[in-house]
Number of protein chains: 2
Amino acid sequence: MYEFTAPFQTPSGSPIRELFRYLSEPGMISFAGGYPASDLFDVEGLASAQERAYQASSRCLQYGPTDGLPELKNELLALMGRRGVLCAPEQLLVTTGSQQGLDLLLRILVAPGDVVMTEQPAYPATLQAMKLQQASIVTVPVDGDGLDVGKLASLLASGVVGRPKLLYTVPTFANPTGATLTRERRIELLKLAVKYRFLVVEDDPYGDLRFKGDTIPSILALTNEVEGSRDWVVHFASLSKIVAPGLRVGWTIAPVEIARRCVIAKQTVDLCSSPWTQATAAEYLADGALERHLPRITAMYRRKCDALCSELRSQLGDAVKFHQPEGGMFVWTRAEEIDASQLLMRAIENKVMFVPGKAFFADKLDPSALRLSFAAPNVEEIVEGVKRLKRAYDELLAAGISAV
Amino acid sequence: MYEFTAPFQTPSGSPIRELFRYLSEPGMISFAGGYPASDLFDVEGLASAQERAYQASSRCLQYGPTDGLPELKNELLALMGRRGVLCAPEQLLVTTGSQQGLDLLLRILVAPGDVVMTEQPAYPATLQAMKLQQASIVTVPVDGDGLDVGKLASLLASGVVGRPKLLYTVPTFANPTGATLTRERRIELLKLAVKYRFLVVEDDPYGDLRFKGDTIPSILALTNEVEGSRDWVVHFASLSKIVAPGLRVGWTIAPVEIARRCVIAKQTVDLCSSPWTQATAAEYLADGALERHLPRITAMYRRKCDALCSELRSQLGDAVKFHQPEGGMFVWTRAEEIDASQLLMRAIENKVMFVPGKAFFADKLDPSALRLSFAAPNVEEIVEGVKRLKRAYDELLAAGISAV
């Protein structure tokens, strides 16, 4: 048998994935997934985009350029233009979901032991990717307005973190907290990046899923307002949450030399993402289908989010605390008197699921937090799901297991 | 500007990719690509497979399991069964082309400085992947019968290579040499793997492209004949060369614990390969379309290979030496009096291209070698291409640039 002798530690399986076996239980209502709603996919629109793309069948079936099909890159550049970002083709590469973008970036930038910073709580795969690259992780807390940039400033001024290479953040409708970084904090963050010379790594899969309030420009778009800051921002985006994850189309926008090195790494890693799904995505975008589709999904996500939040208030009242998000897929909830992992066990018995908050922490975990996603269940399921959650909560309190 | 301070060296761009800009010149005949022939794609068969797959549209459009769609895994297990290999579902993972399989394997096994072995000349992306993981590369030479297993045995017995973690080889119709490892050498290699406890990493994208001679079982299939050897083989395969690269469907077969760790790494790297193209591939295989398609492409590749070899003989005669391959896509040629890089410059002027051999060496490069691929050009282009090659060769000799 092969002995694993490398000093390298394979990260353990995701705690979220371990919940998957319960998902298939009959009658289960799940707030656990980070998946978009399957019943909102634009099945017809994508079928017809595929058909148009396949008219150039060799283009779909042959290898494609490592940085992405030019026609898709053009559409993505145009999309970024509509989001207030001008960028050149050589600053953009197409990846297999935006997740590959982060992995490529960490591989070209981070040597074992290098300091990287992340907001916390954070997307678990980000923490895993940092561990896979053997980075030394420094966490910065998040509040209802997103990353606590004041705390970050103190941390950097104190010098205790050494010379960090980058800071990872999901500034808009964050996973898991649903919080959105204020415009003021974004500007402040860019100033810190320029001053301390670290990369702001902005992950933006949910930005288009706004159903309330005013749009705040992405950190990348705001580089126009902070001199020299454009050199210090890497931006990830994706069609997974706004069109369909099955396309596996994400993209990275980075300073040219960083983008170039990511492309070289990708050449080694998987040569290219599927040109077939890339060509389909290009046709879908060229047709204006995304602009027609977005209002449909944001309207539905608003209804779902409203249902979840109002049920949480009416069923659980003061027992839970949360900020109602203005977009995205998640409500981050704290139930101060209980341990969310214990609540989950009761909840599963009551046929409802969520993800306990500990999955999102690299350190200093908050045992009373839970992430509720309203994306997949329908409104009726959401209402019923919160009732079950309340039952599980009452049972847990009645059993006297309230120690945190 | 970001300063790249990591000790890590990004590998330089592939020398093959640098040739790409010449490919689009009008009238260029290319023996350079490692691409399958676009005009041999089963355009209709794949269109109809896609249509069937899309009947379960949510399955195509939603995230899928990291280790691959179960229906595709079942088809790939059945395909491996027809190739003489029994394996369990947990030993197989689907990857974004087989290239991702190698990258995942190196990431979970190889720490910086670890010794890995590879046949040489070797596929350039393999050398790059090893460098990206900061491995210490030891090369083992290849002759007309593939990897020189005798030399490998001496090397291992001498102890100079320390404790190698693995040996990479393309034993059947190798890229770039076209050579096939004999059955006896395969058995010998497996015995060495068991004795010295290293993994044999068998890359097998071309095995089904046999157009002459008798099938030799893969190294993985031959583990039945060498006790304890199954624990020491990792096998990569792919639909890229036998169906279409655009699907980006490859797979890895490995001992369970290695496969499990690769899946965990893939979860971090890109979550899953496109379920849409996976479902399409599953439908294509389930329909028996591959078995109907293979005889068509092997018959055509035989004609092309015969044309290339007979033209090389008649046009260039004793000036070049090569072994005529029994399958695959490549003829490895040595033109002893010339430098292949200089020949390439002349060749491009004469509107014909190939890849100079130096791209395939980590050390001790052979300046007179060139790789000719017969896959993409048609027979008429092959005949004309060799004439142009002869012209370039004569010009080079006439110019007196013959020093190697």
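This report walks through a predicted model, from its two chains down to single residues.

Some ground rules come before the tour. Residues count from 1 along each chain as its sequence is written, chains are lettered from A and ligands numbered from 1 in the order in which they are written, and side-chain values use heavy atoms, with hydrogens and water left out. Since the model is predicted, local features need pLDDT of at least 70 and side-chain atom pairs count only at pLDDT 80 or more, while totals for chains, interfaces and linings use all residues.

**Two chains**

**The eight-stranded sheet of chain A**

Helices (H or I, at least four residues) and strands (E, at least two) are DSSP runs, numbered from the N terminus. Two strands pair if DSSP finds at least two bridges between them. In chain A, eight strands make an open sheet with mixed pairing, in the order β2-β9-β8-β7-β6-β3-β4-β5. At the edges sit β2 (92-96) and β5 (146-147) of chain A, each pairing on one side only.

Now look at strand β7 (residues 199-203) of chain A. Is it mostly covered or mostly open? It is mostly covered, as five of its five residues are buried (under 20% relative accessible area; exposed is over 50% and partly exposed in between, with a 1.4 Å probe and protein chains only). Both faces of β7(A) are covered, with A:Leu199, A:Val201 and A:Asp203 buried on one side, and A:Val200 and A:Glu202 buried on the other.

What about the neighbours? Strand β6 (residues 166-169) of chain A runs parallel to β7(A), joined by four bridges, and A:Thr169 has A:Glu202 in β7(A) as its bridge partner. Four bridges also join β7(A) to strand β8 (residues 233-238) of chain A, again in parallel; here A:Asp203 has A:Phe236 in β8(A) as its bridge partner. Together, β6(A), helix α9 (residues 183-196) of chain A and β7(A) make a right-handed β-α-β unit. Right-handed is the word if, with the strands pointing away from the viewer, the path from the first strand over the helix to the second runs clockwise.

**The four-stranded sheet of chain B**

Chain B has an open sheet of four strands in the order β10-β11-β14-β13, with antiparallel pairing. Its edge strands are β10 (321-322) and β13 (355-356) of chain B, each pairing on one side only. Five bridges join strand β11 (residues 330-334) of chain B to strand β14 (residues 369-373) of chain B, and B:Phe330 has B:Ser373 in β14(B) as its bridge partner.

**Aromatic rings**

Rings of Phe, Tyr and Trp (its six-membered ring) pair if their centres lie within 6.5 Å; planes under 30 degrees apart are stacked, over 60 edge-to-face and the rest tilted. How many aromatic pairs does a search of the whole structure find?

| Pair | Type | Centre to centre | Angle between planes |
|---|---|---|---|
| A:Tyr54 and A:Trp276 | stacked | 5.0 Å | 20° |
| A:Trp332 and A:Phe361 | tilted | 6.3 Å | 40° |

A:Tyr54 in helix α3 (residues 43-54) of chain A and A:Trp276 in helix α12 (residues 275-286) of chain A are 222 residues apart, so this pair links distant parts of the chain. Both A:Tyr54 and A:Trp276 are buried. A:Trp332 counts as buried at 12% relative accessibility, as does A:Phe361 with a relative accessible area of 14%.

A cis peptide bond joins A:Gln120 and A:Pro121, with omega about 0°. A:Pro121 lies in the loop between β3 and α7 (124-132) of chain A. The bond from B:Asn175 to B:Pro176 is cis too, with omega near 15°.

A:Leu271 has a positive phi, near 65°, though it is a residue other than glycine. Is A:Leu271 buried or exposed? At 11% relative accessibility, A:Leu271 counts as buried. B:Lys351 also has phi near 65°, but at 28% relative accessibility B:Lys351 counts as partly exposed.
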